[in-house]
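Here are my notes on this model, as numbered points. Have the structure open while you read.

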Amino acid sequence: MDYNLTELRDALRREGLYNPSDSTIDLIIKNGTPVKFKKKELIVAPGKIETDVYVIASGIVRVASFDGTKEHTFGFGLSGTFLISPLGFFSGNPAFYYFEACEDCVLLRFSKQKFIDLTKQSHDFACWMLQISIGQFHSAENKASIMHGSAKEKIISFLSNYGKRELTKKNPQYIKQVLRLPAKLLASYLGITPEYFSNIRKQIQKSK
């Protein structure tokens, strides 16, 4: 096993505001197929039809797109995060966003049918997935809310919003895990240059 089972269980309990039972968490642990991905390896490629559901067991995954000239990072997933290509899962269409391993990762993979079967099998599991889905809509709106203002204001808002999110997720290490990523990836998330992001982050850290 290439991930810490206890840490994964704790991460799953923090995923969303719903508190699933131990037996529901066991459904994830026991039914997922572990798959390893190397740093920078694509988990879901753009243009590929992907219907499987993934849960990050260890590592950090980036969700991004490419417009032909530039990459755009939509968000990041840490241990306990559920990943799905909506276009593939719901309509059988090729993925627009791609999922890339930011470091060596282990993910638990579920076929679409297995995932649907689990929601039918367990009411608790279905309620949990509903809350996680709402949480991902929240993340999308939260990102939109921090993309206003100057580049410096974006960085300050990003750091403060992720600080609030770590409390929501009951994980005091969340912001530290996100900020260990290269400035290039975090700058892509904010739509600014890596150099500017690094400079402003240093200024903020010195002022504390």
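1. Let's start inside the sheet: R62 has E100 of β7 as its bridge partner. Strands β4 (residues 61-66) and β7 (residues 98-101) run antiparallel and are joined by four bridges. Strands pair here if DSSP finds at least two bridges between them; helices (H or I, at least four residues) and strands (E, at least two) are DSSP runs, numbered from the N terminus.

2. Before going on, some ground rules. This is a predicted model, where local features need pLDDT of at least 70 and side-chain atom pairs count only at pLDDT 80 or more, while totals for chains, interfaces and linings use all residues. Residues are numbered from 1 along each chain as its sequence is written, and side-chain values use heavy atoms, with hydrogens and water left out.

3. The sheet is open, with four strands in the order β2-β7-β4-β5 and antiparallel pairing. At the edges stand β2 (42-44) and β5 (71-77), each with a single partner strand, so one side of each has no neighbour in the sheet. From one strand to the next, the twist averages 35°. Helix α8 (residues 183-190) packs on the sheet and touches β4 and β5, its direction making about 105° with that of β5.

4. How do α2 and α5 cross? The axes of α2 (residues 22-31) and α5 (residues 123-146) come within 9 Å and cross at roughly 80° (axes are lines fitted to C-alpha atoms, for helices over the stretch in contact; angles run from 0 to 180 degrees between N-to-C directions). That makes α2 roughly perpendicular to α5, a label for angles of 65 to 115 degrees. T24, I25, L27 and I28 of α2 meet D124, F125 and W128 of α5, with contact meaning heavy atoms within 4.5 Å.

5. Now the salt bridges (a side-chain nitrogen of Lys or Arg within 4 Å of a carboxyl oxygen of Asp or Glu): the count comes to eight. One of them joins D26 and R9 at 2.6 Å, N to O. This pair links distant parts of the chain, with D26 in α2 and R9 in α1 (residues 5-14), 17 residues apart. D26 counts as buried at 17% relative accessibility (buried is under 20% relative accessible area, exposed over 50%, partly exposed in between, using a 1.4 Å probe and protein chains only).

6. Also worth a look: D52 and R109 form a salt bridge at 4.0 Å, N to O. D52 lies in the loop between β2 and β3 (53-58) and R109 in β8 (residues 105-110), so the pair ties together parts 57 residues apart in sequence. D52 is buried at 18%, whereas R109 is partly exposed at 31%.

Definitions and conventions. Parallel < 35°, antiparallel > 145°, perpendicular 65-115°, else oblique.
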